[in-house]
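Q: I would like to learn how to read a fold from its elements down to a single side chain. Could you walk me through one?

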Amino acid sequence: MDQLQLEFREAMAHVPAPVTIITTTLGGMPTGTTVSAFASLSITPPMVLFALDNRGGMIERLRASGRAGINILAGGQSEIALQFARHGEADRFDGLGWHADNGLPRIDGATSWLRCEELTFIPGGDHTVVLGTVMEAQTEPGSSLTYHLRTFRDLTPPPAGLG
């Protein structure tokens, strides 16, 4: 990496990011990957965006399926994030609590779940930005998992009345 790339990488480490697992099903088999480049995009219609590394195979699997499950991880789920981030992991769902929700893999215990249809793919340097129209959204109470300064952190909501 050149100096600007190193400085940019360091600057981005200072931006807290949500930790999500993007999932889909292809040929009856669940597949997924960890993503921290994730954000809401629109309320009308409800849309999100996330970015995937072009070196992985998830982009083509999402193109083929045309839909995505967004599992926003809860505090304490950092091992799941690592399991889905490892390259060459044979079965990322092995030993994991999950179930199919409208045909998409949904990770048990995630703090939020979004079911996306109508995916749009936009080139973005060494990544591809995916826009997804949200068809379903559910949230459970509890903490969220974030990634900040190259460390996973639990983000706990303030007590009722203090937020």
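**Reading the fold step by step**

A: Happy to. The chain has three helices and twelve strands. With a radius of gyration of 16 Å, close to the 15 Å that the globule rule gives for 163 residues, the chain is as compact as a globular protein of that length. Do keep in mind that this is a predicted model.

Q: What share of the 163 residues is buried, and what part of the accessible surface belongs to carbon and sulfur atoms?

A: Buried residues account for 40% of the 163. The accessible surface is about 9,100 Å², and carbon and sulfur atoms hold 57% of that area. For contacts with a separation of 6 or more, 62% come from residues 24 or more positions apart.

Q: Let us turn to the sheets. In what order do the seven strands of the open sheet come?

A: The general idea first: strands of a sheet pair through backbone hydrogen bonds, either parallel or antiparallel. Here the order is β3-β2-β6-β9-β10-β5-β4, and the pairing is antiparallel.

Q: How many bridges link β9 and β10?

A: Eleven bridges, in the antiparallel sense, between β9 (residues 112-124) and β10 (residues 127-139). To find your way along the pair, look for Thr 120, which stands opposite Leu 131 in β10.

Q: Which strands does helix α2 lie across?

A: Helix α2 (residues 58-65) lies across β2, β3, β5, β6, β9 and β10, and runs at about 55 degrees to β2. Helix α3 also packs on the sheet, where it touches β2 and β3 and makes about 110 degrees with the direction of β3.

Q: What is the strand order in the open sheet of three strands?

A: That order is β1-β11-β12, with antiparallel pairing. Its edge strands are β1 (17-18) and β12 (151-155). Two bridges join β1 to β11 (residues 144-148), and Pro 18 stands opposite Thr 146 in β11.

Q: Now a single side chain: is Arg 92 buried or exposed?

A: Buried counts as under 20% relative accessible area. Arg 92 has 16%, so this residue is buried. Arg 92 sits in the loop between α3 (78-85) and β7 (98-101). A polar atom of its side chain lies 3.0 Å from the backbone oxygen of Phe 84. Beyond its neighbours within four places in sequence, Arg 92 has contacts that include Gly 32, Thr 33 and Gln 83.

Notes
Residues numbered from 1 in each chain as written. Predicted model: local features only at pLDDT ≥ 70, side-chain atom pairs only at ≥ 80, totals over all residues. Heavy atoms only, no water. Helix = DSSP H or I, 4+ residues; strand = E, 2+ residues; numbered from the N terminus. Buried < 20%, exposed > 50% of the residue type's maximum accessible area, 1.4 Å probe, protein only. Polar contact = N/O pair within 3.5 Å; in protein donor to acceptor, adjacent residues only side chain to side chain. Contact = heavy atoms within 4.5 Å. Pairing = 2+ DSSP bridges. Axes fitted to C-alpha atoms, helices over the stretch in contact; angles between N-to-C directions. Rg over C-alpha atoms; globule rule 2.2 N^0.38 Å. Areas by Shrake-Rupley, 256 points an atom, 1.4 Å probe, with all protein chains shown as cover.
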